[in-house]
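Subject: Structure handover and findings

Dear colleague,

Please find below the structure that I promised to pass on to you.

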Amino acid sequence: QYYAGNLNWAMALLKAGEITRARVTLASVLDRNKRLLGAKHYETAEATGFMAAVQTSEGQQRDALQNFASALPTLLSRSRQTQSESSSTSARDKRLGLVLESYIGLLADIRGTTLEKEVGVDVASEAFRLAEYLRGRSVQRALVASSVRVAAANPELADLARREQDAQKRVAILWGLLTDVMSRPEDQRNAAQTKDLRTRIDNLRGARATLMEEIEARFPDYAELINPKAATVERARANLRPGEALITTYTAEKRTYVWAVPHKGEVVFATAELGREDLADTVALLRSSLEPNAQVLDDIPDFDVAEAYDLYERLLKPVEAGWKDAKSLLVVAHGPLGYLPPSILPTVPVELAPESGALFSNHRDVPWLARSHAVTMLPSVASLTTLRGLPPGAPDRKAFAGFGDPLFSAEQAAQPVKVAAALTSRGLKTRGLPVRLRAMVKTAALDSAGLAQLPRLPDTADEVRSIAVALNADLTEDVFLGERANEGVVKTRDLSGYKVLAFATHGLVPGDLNGLMQPALALSAPDVAGVEGDGLLTMGEILGLKLDADWVVLSACNTGSGAGAGAEAVSGLGQAFFYAGTRALLVSNWPVETTSAKALTTDLFRRQSDNANLTRAEALRRTMLGLIDGGGYVDQKSGKTVFSYAHPIFWAPFSLIGEGGVG
């Protein structure tokens, strides 16, 4: 009896291919939910969506479209997503993901058919909207959970937010009471009580809607943070500039969907038969030469250009009509693609030539996407609206403030700094030379991990100082190293007076440290720095900062960590920094090699400083090409080039996230 009406059992049957049994279970669930909860309840809509997914599997496309159309308004409505559901948020998300992915797949299948014309739906645009909703689901929930810190800073907003949240909780409680009443035998139900509960629920929903309208009118930025408007193709295109194109991806269980939205012209939509697991394997293979745990140069393998081109051919080439003529690409990546920079994909088939010069010089002639297009990553399509709406920065801001080499324990503070010596030949063969890759967080295997378990990053001090020099910043006033790189300084200093901010430290994902529930940046331990706090600048705390920055550099934030969780963490951190007043992030994708990272960051900001009309995206592209085509690492004693920076491990470790334009 339990399984006969259980939606999770129906989902298991559907995924196992037991379509007929899934339909029988769903029919029972749907009938019960309509009878007990009503047609507008979230769980009724959920069961309707599942029935549509079953009909899609059976090839009943027309019936499936009708049920999807019936279910989606409730499934996607924030006012319907109360806490009344009996299952966990994670379980609900999995079910919603299955329903929406099934619908996106159906839309892709009917594109160009008479059925598309019959139902009057632009399938590319509708699938685009649903994919954006799914992509940002977990990050959006984390932002909403952290938004209380933002609201608390304004008493009027705090009151409205509290009343809206209270109304939501009261709706959840009343739904629980109604469910209990409706579950009783029919002769034990009280019709008047049932009617009263339904009336009170509808009234509270109306009150919530009124409160949200007031929040949107008076505090539009906060409203966009907790309840962003639907990201449509039209809204996205309205924010594109001449010479730009938007590329978005969504990876489902068995397919990857790609959209290319040009500034003008038709949206191009394509489907690749490349599912989540297969794509994760491909990305992991390509990243194996980018984070090889190398001790010496010979440990760094050649980049797999054939595999990289195959990925380009399957994902970007089918939609190139929508982006090829642009100069700058804005990319919203999903799943495994979130931690593979598109710039490193070759645009034509190529084989690496034998090395005839310095080590890795055979990578120079690869037709990387970076050769033809500047690339900017976006955490979401909706974020483009926020970023393009930011006013210009104040002209009297100081150039730079940087935080680096934080001390995570008293033991680190007591030990002398040990930075590996710079690469030098000293009679050794080139391939046997040591390579300095920045340390990364390795706490996954530990039963318990605190701030003190994080490895120190002493070379980041030199990197922060180098950026400061490139921007003519005050090394004594605006560079915070060691114990000065702490929470107290970040939270009490007026950071809104700086154009560029740098946090050269570990980026953490939930679970890296004990009790860490949201993305964070690691700063000096409170007992070392003599300040209050926990040594972590969390996403919620970033939301509460007041910034006016053109750039924020996150120079040791490894977006490949946690099997891709790092990419999602950076998405959350990015949304938080953008809300706080940042226009662009420069984020490292893997443990960087010290000398090339220093060269890249200093050259990037030197170019920006020298040419006010150069866009951020183009400045980064030219900096990358400068490393690829440049002389590489030169031994200071012999004057000889030891190795080339043409391998993407050296030139592509940083991604630009956010506003890639001028400023």
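**The nonpolar cores**

The largest nonpolar core has 182 residues, and those with the most contacts inside it are L246, W323, F400 and F503; a nonpolar core here is a set of buried Ala, Val, Leu, Ile, Met, Phe, Trp, Tyr and Cys residues joined through side-chain atoms within 4.5 Å. Helix α5 (residues 89–110) gives the most to this core, with ten residues. Buried means under 20% relative accessible area, exposed means over 50%, and partly exposed lies in between, with a 1.4 Å probe and protein chains only. Apart from this core lies another, of 13 residues, among them L407, L451, L513 and L516.

Please keep in mind that this is a predicted model, in which local features need pLDDT of at least 70 and side-chain atom pairs count only at pLDDT 80 or more, while totals for chains, interfaces and linings use all residues. Residues are numbered from 1 along each chain as its sequence is written, and side-chain values use heavy atoms, with hydrogens and water left out.

**The protein overall**

The protein has 25 helices and 15 strands, where helices (H or I, at least four residues) and strands (E, at least two) are DSSP runs numbered from the N terminus. Of its 663 residues, 56% count as buried. Among the contacts (heavy atoms within 4.5 Å) with a separation of 6 or more, 74% are between residues 24 or more positions apart.

**Paired strands**

Strands count as paired if DSSP finds at least two bridges between them. Strand β8 (residues 498–508) and β11 run parallel and are joined by five bridges, with A502 standing opposite V553 in β11. Strand β11 (residues 551–556) is itself mostly covered, since six of its six residues are buried. On to β12, β11 is joined by three bridges, again in a parallel arrangement, and here V553 stands opposite L586. Strand β12 (residues 584–588) is in turn joined to β15 by five bridges, and these two run antiparallel, with L586 opposite L656. All five of the five residues of strand β15 (residues 654–658) are buried, so this strand is largely enclosed by the rest of the structure.

**Aromatic pairs**

The structure holds 19 aromatic pairs; rings of Phe, Tyr and Trp (its six-membered ring) pair if their centres lie within 6.5 Å, and planes under 30 degrees apart count as stacked, over 60 as edge-to-face and the rest as tilted. The rings of F360 and F650 have centres 5.6 Å apart and planes at 50°, so this pair is tilted. It links distant parts of the chain, 290 residues apart, with F360 in the loop between β4 (328–332) and α15 (369–372) and F650 in helix α25 (residues 648–651). Both F360 and F650 are buried.

For F403 and F480 the ring centres are 4.9 Å apart and the planes at 15°, so that pair is stacked. This pair also links distant parts of the chain, F403 in strand β6 (residues 398–404) and F480 in strand β7 (residues 479–481), 77 residues apart.

One aromatic cluster is formed by F360, Y633, F643, Y645 and F650.

With best wishes
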